[in-house]
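Biologist: Thanks for sitting down with me. Could you walk me through this model, one question at a time?

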Amino acid sequence: MILQIDAQLTKQMVDAAEAAFPAEACGLIIGRGKGQLIRVTRVVPAENLLAETPDRFELDPATRIAVEKDLRDSGTKDRIIGHYHSHTDGTAEPSATDRAMAFEPEMAWLIVGVLDGQAIQTLGHRMDEKRGNFRPVPLRTPKAK
């Protein structure tokens, strides 16, 4: 999987991560495509139900249900392809908690590392079920037109 994501969508995730600090931000990633290249078409912020715990997140399931209904009703080819969240220790690598909570291996995980309220790194990951660990997902930003 390779994610093609416009700079403005990455900025939306980064802005949400910085605004949520010292809590973790989270949201859904919507996109389309088959095969290796998936184009991200939008990101949808969600409430973090564990915002009082600085190093945890739980995406509000009401947001996911609403997005799934909207996608189904619109007839679009877009689908939920993953989710994003932030780490407040500056790392954008999956944590042990992330590994334990990766229930949907087909989904991409974008992590924004935030240190002292400033985003410093954004990386993509995907669970490798056979190895029980995450593997990198390349992020590509198309050139501005």
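Predicted model: local features only at pLDDT ≥ 70, side-chain atom pairs only at ≥ 80, totals over all residues.

Biologist: How many aromatic pairs does a search of the whole structure find?

Modeller: Rings of Phe, Tyr and Trp (its six-membered ring) pair if their centres lie within 6.5 Å; planes under 30 degrees apart count as stacked, over 60 as edge-to-face and the rest as tilted. With that rule, the search of the whole structure gives two aromatic pairs.

Biologist: What kind of pair do F57 and W109 make?

Modeller: Their ring centres are 6.4 Å apart. The planes stand at 80 degrees, so the pair is edge-to-face.

Biologist: How many residues apart are F57 and W109?

Modeller: Helices (H or I, at least four residues) and strands (E, at least two) are DSSP runs, numbered from the N terminus. F57 sits in the loop between β3 (37-46) and α2 (61-74), while W109 is in strand β5 (residues 108-115). The pair therefore links distant parts of the chain, 52 residues apart.

Biologist: Is W109 buried or exposed?

Modeller: Buried means under 20% relative accessible area, exposed over 50%, and partly exposed in between (1.4 Å probe, protein chains only). W109 has 5% relative accessibility, so W109 counts as buried.

Biologist: Which strand holds F134, the residue that W109 ties to a part 25 residues apart in sequence?

Modeller: W109 and F134 form an edge-to-face aromatic pair, 5.1 Å centre to centre with 70 degrees between the planes. W109 lies in strand β5, and its partner F134 lies in strand β7 (residues 133-137).

Biologist: Which residues form one aromatic cluster?

Modeller: F57 is buried at a relative accessible area of 19%, and F134 is buried at 13%. The cluster is made of F57, W109 and F134.

Biologist: How much space lies in the largest pocket?

Modeller: On a 1 Å grid over the protein atoms alone, a pocket is an open set of points where a 1.4 Å probe fits, with protein on both sides within 12 Å along at least five of seven lines; lining residues have an atom within 4 Å of a point. Grid points are joined across faces, edges and corners, and a volume is the space filled by probe spheres set on the points. For the largest pocket this comes to about 480 Å³.

Biologist: Which element gives the largest share of the lining of the largest pocket?

Modeller: The lining has 24 residues, with F57, L59, H83, M101 and W109 nearest the centre. α2, β4 and α3 (96-100) each supply at least two residues. The largest share, five residues, comes from β4.

Biologist: Is M101 buried, partly exposed or exposed?

Modeller: M101 is in the loop between α3 and β5. Its relative accessible area is 46%, so M101 is partly exposed.

Biologist: Which peptide bond is cis, with omega near 15 degrees?

Modeller: Most residues other than glycine have a negative phi, and most peptide bonds are trans. P22 lies in the loop between α1 (7-20) and β2 (26-32). The cis bond is the one from F21 to P22.

Biologist: What is the phi of D116?

Modeller: D116 is in the loop between β5 and β6 (118-128), and D116 is exposed, with a relative accessible area of 70%. Although D116 is not a glycine, its phi is positive, at about 50 degrees.

Biologist: Which residue has its backbone nitrogen 2.8 Å from a polar atom of the side chain of S86?

Modeller: S86 is in strand β4 (residues 79-87) and is buried, with a relative accessible area of 1%. A polar contact is a pair of N or O atoms within 3.5 Å; within protein, one must be able to donate a hydrogen and the other to accept it, and residues adjacent in sequence count only if both atoms are side-chain atoms. The backbone nitrogen in question belongs to A25.

Conventions:
Residues numbered from 1 in each chain as written. Heavy atoms only, no water.
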